[in-house]
Amino acid sequence: FMAEVAMLNPEISELTTLFGGIETACKAITNLVKRSQLPSSETLGLEGEVNIQGEDQKKLDVITNDLLKRALRFTGKLGVLASEEEDTPVDIMPANAKKSEIVIDEGEKYVAVFDPLDGSSNVDAGIPTGTIIGIYEHDENCVIDENCVGEECTEQEAQCLANTLQPGTNLVAAAYCLYSSSTFFVLTLGNGTYGFTLDENIGEFVLSHPNIKIPETSQIISFNEANTYMWDEPLKKVVTGWKAGTGKSGETFSSRYIGSMVGDVHRTLLYGGVFGYPGDTKNTTGKLRLLYEGAPMSFIMEQAGGLSTTGTKRVMEIVPEVVHQRVPIIMGSKNDIQEVIDAYAEAGAN
């Protein structure tokens, strides 16, 4: 698939190599996840450290993070990456792999952002988990002078950090791997969304969902409804209407919620629906990270004909100010998301 795309679009031919590395990493991670609950597995339990989010790191989080870094490093096409498990964006070329400071190799073309194992807190219960990846173009003008000193270096590093702090509209590709009943690989290169399923007999991803299109109207909501009382009034009003069958579509909605973003979004893409982790009075900016969860998944959703919003802003247009910035997200079927956007606009007008 990627070879044919590259043949028709030579300008993105280097992405073929990059996605080859990502594909290999997903195959390795699916085997790790399958074996993670065996008593002999070295992936059981906590690592004993806390990541930048303040969350306890599972051994599986750390292993999958390192696995993805190695897979991407050896493609030779990547200059810098940002991950949920890293405090700052890091260079992944071999000579600098163990340095904690931000280092940019100007010869590399792409920037990768990823969540190595979304939903890892659920892995002990056999709940679906996933990997989320976004690819941006590397700013080749980003150079750190080897002879710089002190604050001068810090300023140059800050400028290079902007390589990762890009809005979703700058994404050249996004993908996720879902580790569930089968291993799914869903990607967009900016011209539609395509789904592949791992055929374990041949060890290859096979095109199983060509040109995915999400239904424009649905009957499914996917929220943590225990937080309903803390939501913004416009969203609370719309969701209450959906459940009562008094929304714009007139359909009575049912609820399906896994608690793993990749799993919930995958079902939403295929069946239609509305997935969301909105802001509330406890977490005003929501809980999902913009750079490596919100933007890549929004890109995939929009390329499948859906919408993604905070309620007042298109998620893809938000420029991150920090790597681990959180953002409220409501995404899914076009007509249903538009109903949410209209409700917020009406409330703002009043």
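Colleague: How many helices and strands does the secondary structure of the chain come to?
Modeller: The chain has 8 helices and 16 strands. Please note that this is a predicted model.

Colleague: And how much of the chain is buried?
Modeller: Buried residues account for 54% of the 350 residues. The accessible surface is about 15600 Å², and carbon and sulfur atoms hold 48% of that surface.

Colleague: Among contacts between residues at least 6 apart in sequence, what share joins residues at least 24 apart?
Modeller: That share is 67% in this chain.

Colleague: What is L269 in contact with, leaving aside its neighbours within four places in sequence?
Modeller: L269 is in contact with Y176, I212, K213, I214, P215, I300, M301 and A304.

Colleague: Now to R267. Where does it lie, in terms of helices?
Modeller: R267 lies in helix α6.

Colleague: Is R267 buried or exposed?
Modeller: R267 counts as buried because its relative accessibility is 14%, and buried means under 20%.

Colleague: Which backbone oxygen lies 3.0 Å from a polar atom of its side chain?
Modeller: For the side chain of R267, that is the backbone oxygen of R256. Leaving aside neighbours within four places in sequence, R267 is in contact with I220, S222, R256, I258 and G272.

Colleague: A change of topic: how many aromatic pairs does a search of the whole structure find?
Modeller: The search finds 5 aromatic pairs. One of the pairs is F223 with W231, with ring centres 5.1 Å apart and planes at 55°, so this pair is tilted. F223 and W231 are both buried.

Colleague: What about W242 and F253, how is that aromatic pair arranged?
Modeller: The rings of W242 and F253 are stacked, at 4.9 Å centre to centre and 15° between the planes. This pair links distant parts of the chain: W242 belongs to helix α5, while F253 is in the loop between α5 and β11 (254–255), 11 residues apart. Both W242 and F253 are buried.

Colleague: Which residues do ring pairs link into a cluster?
Modeller: The cluster consists of F19, F185, F196 and F205, linked by ring pairs.

Colleague: Back to α5: how far does this helix reach from its first C-alpha to its last?
Modeller: Helix α5, residues 233–244, reaches 16 Å over its 12 residues, close to the 16 Å expected at 1.5 Å a residue.

Colleague: Which residues of α5 are buried, and what follows the helix?
Modeller: The buried residues of α5 are P234, L235, K236, V238, V239, G241 and W242. The helix is followed by G245, with a positive phi near 80°.

Key:
Residues are numbered from 1 along each chain as its sequence is written. This is a predicted model: local features need pLDDT of at least 70, side-chain atom pairs count only at pLDDT 80 or more; totals for chains, interfaces and linings use all residues. Side-chain values use heavy atoms; hydrogens and water are left out. Contact means heavy atoms within 4.5 Å. Helices (H or I, at least four residues) and strands (E, at least two) are DSSP runs, numbered from the N terminus. The expected span of a helix is 1.5 Å times one less than its number of residues. Buried means under 20% relative accessible area, exposed over 50%, partly exposed in between (1.4 Å probe, protein chains only). A polar contact is a pair of N or O atoms within 3.5 Å; within protein, one must be able to donate a hydrogen and the other to accept it, and residues adjacent in sequence count only if both atoms are side-chain atoms. Accessible areas come from the Shrake-Rupley method with a 1.4 Å probe; for residues, only the protein chains shown count as cover. Rings of Phe, Tyr and Trp (its six-membered ring) pair if their centres lie within 6.5 Å; planes under 30 degrees apart count as stacked, over 60 as edge-to-face and the rest as tilted.
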